[in-house]
Amino acid sequence: INSAAGFGYQVFAVNMSLGLSMKSDPTAQNTVVCGPTIPKDCRSITMYNGVCFQMESFKRIRPPIPSSIQECRTQADIAFLLDGSGSVDNTDFQTMKKFVKDLIESFLSSDTQFSVSQFSTSPEVHFYFKKLSSSGSVETDINDISQQEGATYTAEAITYVVNNVFTPQRGSRQNVKKVLIVITDGQSHDRTDLGGAAQLAESKNIVRFAIGVGNAFANPDAKRELRTIASSPSNKHVFQVENFDALEVIRQNLQDKIFSIEGSQSSGESLKMEMSQEGFSAVYVPEGIQTSIVGANQWKGGYVQYTTGGQKVKTYEDVSLEPDSYLGYSMAIAKSWHGSLTVVGAPRYKHRGVVFAVNRENLKNQKIEPFSSQYQTGAYFEAEVCTMDINNDDITDLIFISAPMYMEPDREGRVYVCRLTGLIVECNFDDPLILRGHAAVKGRFGSSLAVLPDLNSDGFMDLAVGAPLENNGEGSVYIFNGEGGGISPTYSQRITGSEVQSGLKFFGVSISQSSFDQSGDELPDLAVGSKGRVALLRSRPIVMVRAEVSFSPNKIPTQNVDCSKPLENTAEICLTMSRVSTVGTARARIDYTITLDATRKPPNNRAYISGKQREQSGSVTVDLGIKKCSPVKFLIEACPEDALNQLSNELKFTFDGSASNTNLRPSLAPQAQTTTIHPLGFEINCGTDNKCVDNLKVDFNFTRSSEVKVGIEELLNVTVTVENRGENSYNSRVILTYPAGLSYRKFTGQQGRIECNSLDSEDGLSQGRTDCTIDKPIFKSKTGASLIVSYGIETNSQLERKIFVTANATSGNQEHAPTSELYKKKSIDVKYSIFMTFESSLSYNNFTFGKNDLKKPVQKSVKVTNDIRALNFTVVIRVPVRLGEKDIWVDLSSLQIPDCQKGDDEEPSVRDFVTKIQKDKVVDCSVATCRVFKCNTFLERLQSTTYKISANISSRWIQQIGLQSAKYLLTSTASLEYDKTQYIYFSTGSDNSTPVRKIEAEVEVYPEPDFTKEIVGGCLGGLAFLALLTAGLYKAGFFKSKYKQMINENAADGPSPGTDAGTTLPE
């Protein structure tokens, strides 16, 4: 729109961008439309302001707000310094005064202060800075000035004005342009000081103009003096005045110079409202309207509130913002029970954006921005903001904040969803409360936002989001549906520009905030802007489809004689379409699929069309308000295993609306159930009330065992019995739980049809579970069942001291009799097997009977090995120490067993020990007093320890037995003591009693020997033996041969003395 002339008011400007922002008030049906770019040429600066118009429902246009645009800014403090020295003739002095009056009068309507001083020999201030309100006051103040005449001390005068006039005490304002206009003929007496005076003025940002009068330009020195006084560049700040016409030209030129400097901010002064672009965004408030001033204060921004009549109420500006923040780029009003907020954004704040929620009463604000880890530089956070009353209760529920330039790997732009709680805005800048569009390199998703009426007739408002750069600049619009308490993070519809019209560009760059029925079909329409065109999108009528399925027969018979013949049934599928939104006629095609017994996976389904195929599809065309039905025939197993759980038959359909004569296709309401379950149950024979009430009783016991013997017994058998004392029970089950450490092995059915499966504990903490079906599917009245469940007991099982097993009976019946006994819990003690190996040595000693003062050392030992598990236990060793009144050991105090503690002595049970020992030849604790030693120890599995018995045995106890010759076994014993509540000894016997091991020492006794008989007998025997030996040798001729040999030897040698030579001794 090129002008506002069409509204019946003056033409404000060309290119004011009227309509750049528009807002409607649905309550009063008024619309405010703004043009924020009205240009105002202030010679060297062009200001941009704006106005807004209110259009009432009956098309009357109210006056603009604000009523007029801002004039060129002329805020300045201007000081005139007039040369009143004698070198200036009176005519030139009057020319000076005329110049001053004309210049002041041209600025009377501006925010400009003036001061006038005169100098000659010394400076004189005629009046300090003040605003002059009328031409009359100007005339009075200036005409009263008389020329001083005297010497010309220009440098001194400039220094004085700088130090004494341009001060806050004399009315000079901060942050306002300061201008010093020196009018002189250039013939000063302190010319050498002019440079320092000019530099002093420059240091205080005072712009200086030098106006030459009279012959100032005729003298080179005077002309040089003017250049020294003036600001740089001197050719733009030094002027010559010849006459009044030339002075007028200089006044105009001087005005240009003031604004040129102001626009360039050369003195550090900042822009205020020159670039405000008022009306860049606008909202309705209860008091009237509120317009943003996005370019105010160096583009820091803000907003202004007006009454309906156009009076300014208040202005909000955040001075803490940085320049170029653009506060007011987008704006919305949020309402709560506690008041209202202005939600306003500054998308260029620190190049990342920020949102403020400003309390409209006290103007306190809440700063809303992502955490440092969440924001993204250049995302243009808060390019658009809008609020949604999702359920039409006039209270804001959601606040949407867009960041259309937020870059992700596969798309651009996002919209954050915030909630309003009281007067606090709560934002979560992470998923799932983020709306995103279709993946596109440059989509600018979130460039426009609009809250829409309830398009899908679900009772909640909806949201439209524009992405004008999608598809290479073609653009798209997304529809997000509201839902209970929030908004769906998934868009329900994406409308691309090409779907609307080929060739559209930037479709979705703007979206109408309010929807009207422009098409007259009683449905809301949506206006979407694109480059050079506006597209009007019509809403589709919303319809509902209800699906119904009935069965014939409506129950499955269970009393079937022939189980091989399947049962026939027919399902009738009926579809009805009804209106949700306003619509006269509608038609649609519905494709449906029915799945029989859908909760079971093939081939376990009990119903089928043919050959276990359980699905059938069809299609039907339905019209508004007319029911359409289709039959489907199918078969059911006659005697299924599960005759209690109903068949869950699933019906799914898809909806395809047909175009009407107005080219609108109906749309299915989102709350429509496109998938429904339609059950078909079995006949239940449970009397006249058709309600089966079973009466189950469950019990169990631990078979052949009163305790769990870990490491001895391999199985724990649990015998379970179940009775049904009531009416038929369907899908009856018994569930056993058992502790970790037991493992299921098997079940044995004793009565009834039993099937079991079991799952042991997997984590070592939870209970194992055995699930058994009883006479599935029907556990008939007055019947019973029993089974044995066997659980394995591993040798290394770690169980509690007492374990618990539970049994729970359940069924599919809806009701159980009050006397049912459905739960049992029993415990059984646990004991762990232990086993020890004993190894002992046998020693030998002997004594002479009757000698009672003998002693001999004895060394006996016993080695104990722990074979099964680590254990704390005590080895008890009993050693005989006294027989009758006689000690068995020489010194009882020396009888010690290392690592063992001596206990009390135990008396024998047999008093007549002589008879028993003579018979058994055993000296043990039954006949002798025994000393008890207890050896406490801890052994790991397969670890051993050895105990040694070392002492001197005496012979004094032997004689009282009365046997002079015998072998006795002196028998000590070793036994075990342990925690019998926790452990049980592993033995082959049935009683698992603890063994007693013997530690034996053999003691032999013999009488004292008598050798007389042995000596006499030996001598006689020797003599007899010698006689016999001699006789034997003689008979053998031993002696003859020797004698003859001796004679022959003597004859050879000569006769022996005393013999007769040659005598032969008879043989």
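Cys 756 and Cys 772 are joined by a right-handed link, with 110° about the S-S bond, and their sulfur atoms lie 2.0 Å apart in this disulfide, a term used for a pair of cysteine sulfur atoms within 2.5 Å. Because Cys 756 belongs to strand β47 (residues 754-759) and Cys 772 to strand β48 (residues 768-779), the pair ties together parts that are 16 residues apart in sequence. Strands (E, at least two residues) and helices (H or I, at least four) are DSSP runs, numbered from the N terminus. Both Cys 756 and Cys 772 are buried, where buried means under 20% relative accessible area, exposed means over 50%, and partly exposed is in between, with a 1.4 Å probe and protein chains only.

This is a predicted model, in which local features need pLDDT of at least 70 and side-chain atom pairs count only at pLDDT 80 or more, while totals for chains, interfaces and linings use all residues. Residues are numbered from 1 along each chain as its sequence is written, and side-chain values use heavy atoms, with hydrogens and water left out.

The structure holds 6 disulfides, and two others can be followed here. A disulfide is a covalent bond between the sulfur atoms of two cysteines. Cys 418 and Cys 427 form one of them, with sulfur atoms 2.0 Å apart, and their link is right-handed, with 110° about the S-S bond. Cys 930 is buried, with a relative accessible area of 0%.

Which strand holds Arg 419? Arg 419 lies in strand β20 (residues 411-421), and it counts as partly exposed at 35% relative accessibility. Although Arg 419 and Gly 486 are 67 residues apart along the chain, their C-alpha atoms are separated by 8.7 Å.

From here the reader can turn to the spaces within the model. On a 1 Å grid over the protein atoms alone, a cavity is a set of points where a 1.4 Å probe fits but cannot get out, and a pocket is an open set with protein on both sides within 12 Å along at least five of seven lines; lining residues have an atom within 4 Å of a point. Grid points are joined across faces, edges and corners, and a volume is the space filled by probe spheres set on the points. The second largest pocket has about 860 Å³ of space and is lined by 25 residues, of which Gln 493, Ile 495, Arg 538, Ser 539 and Arg 540 lie nearest its centre. At least two residues of this pocket's lining come from each of β25 (476-483), β27 (493-496), β29 (525-530), β30 (533-538) and β39 (667-668). There are also 2 cavities of 30 Å³ or more; the largest cavity has about 40 Å³ of space, and its lining includes Arg 352, Pro 370, Tyr 406 and Tyr 416.

The backbone has some features of its own. Most residues other than glycine have a negative phi, and most peptide bonds are trans. The bond from Ile 65 to Pro 66, however, is cis, with omega near -10°, and Pro 66 sits in the loop between β3 (45-55) and β4 (76-83). Ser 552 and Pro 553 are likewise joined by a cis peptide bond, with omega about 0°, and Pro 553 is found in the loop between β31 (542-552) and β32 (555-556). As for phi, Asn 297 has a positive value of about 55° although it is not a glycine; Asn 297 is found in helix α7 (residues 296-299) and is buried, with a relative accessible area of 19%. His 351 has a positive phi near 65°, lies in the loop between β15 (339-346) and β16 (354-359), and is exposed, with a relative accessible area of 53%.
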